[in-house]
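Biologist: I have a new structure to look at. Can you walk me through how the helices pack?

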Amino acid sequence: MANFTKKAIKETFISMLEERPLSNITVKDIVEKCGINRNSFYYHYQDIPALIEEIVKEEAEQILEKYPSVSTIVECFDALIEFASHRKRAIMHIYRSVNREVFERNLMAVTEFFVSNYVNTALTNEDIGEADKKTVIDYYKCVCFGLVLNWLNTGMTDEYAHEIRRIFLLKKDWAKEFAALLQGQV
């Protein structure tokens, strides 16, 4: 019964987030729509930010399971866009709220996973030290994270995502170019 109630709370909250901004959703709204009492909500969640944290974390875990490995920066970017746009309106309502940090923290964790996966795959046969590999990962992580945030800030337009994807397609061997630079070959 507890899992059913918890699932109902999450689904109700997500459906409400698809309809209206986070600032217009209260615990009272959630429990009334679920048909439960406030104590049931507070049994599972301390507050709405705790509910958001769990939902975003679960979404992050699902995208990581879906893409256990990526071999190109394009796949990395596509997975990040999929993560950020799975529930587009709900994500935008969280992103434009005081709880933005919850989403950003999980986006950074997902970004780091995919970028590390990509860089380690791309540089498998390169003679590059761990410190230099970490530099490449940090660079890509910040680039991808920043581009996804900019995409969110521009309203998650398909045109912007397509433009960035094209850049990644054109520069698909950046990791190897970085390795060559770090090795003094360029």
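Modeller: Axes first: they are lines fitted to C-alpha atoms, for helices over the stretch in contact, and angles run from 0 to 180 degrees between N-to-C directions. Helices are DSSP runs (H or I, at least four residues), numbered from the N terminus. This is a predicted model, where local features need pLDDT of at least 70, side-chain atom pairs count only at pLDDT 80 or more, and totals for chains, interfaces and linings use all residues. Residues are numbered from 1 along each chain as its sequence is written, and side-chain values use heavy atoms, with hydrogens and water left out.

Biologist: Fine. At what angle do α5 and α7 cross?

Modeller: At roughly 160°. The axes of α5 (residues 73-85) and α7 (residues 100-122) come within 9 Å. The two helices are therefore roughly antiparallel (angles over 145 degrees).

Biologist: Which residues of α5 meet α7?

Modeller: I73, C76, A79, L80, F83 and A84. Their partners in α7 include F103, L107, F114 and Y118. Contact means heavy atoms within 4.5 Å. By class, the α5 contact with α7 has 12 nonpolar, 2 polar and no charged residues. Nonpolar covers Ala, Val, Leu, Ile, Met, Phe, Trp, Tyr, Cys and Pro; charged covers Asp, Glu, Lys and Arg; the others, Gly among them, are polar.

Biologist: New topic. How many aromatic pairs are there?

Modeller: The count comes to 9. Rings of Phe, Tyr and Trp (its six-membered ring) pair if their centres lie within 6.5 Å; planes under 30 degrees apart are stacked, over 60 edge-to-face and the rest tilted. Y67 and F114 have ring centres 6.1 Å apart and planes at 85°, so they are edge-to-face. Y67 lies in the loop between α4 (48-66) and α5, and F114 in α7, so the pair ties together parts 47 residues apart in sequence.

Biologist: Is F114 buried or exposed?

Modeller: F114 is buried, at 0% relative accessible area. Y67 is partly exposed, at 23%. Buried means under 20% relative accessible area, exposed over 50%, partly exposed in between (1.4 Å probe, protein chains only).

Biologist: What about Y118 and Y140?

Modeller: Their ring centres are 5.6 Å apart and their planes at 90°, so that pair is edge-to-face. Y118 sits in α7 and Y140 in α8 (residues 130-153), 22 residues apart. Y118 is buried at 2%, and Y140 is buried at 0%.

Biologist: And which rings form a cluster?

Modeller: F41, Y42 and Y45, linked by ring pairs.

Definitions and conventions. Parallel < 35°, antiparallel > 145°, perpendicular 65-115°, else oblique.
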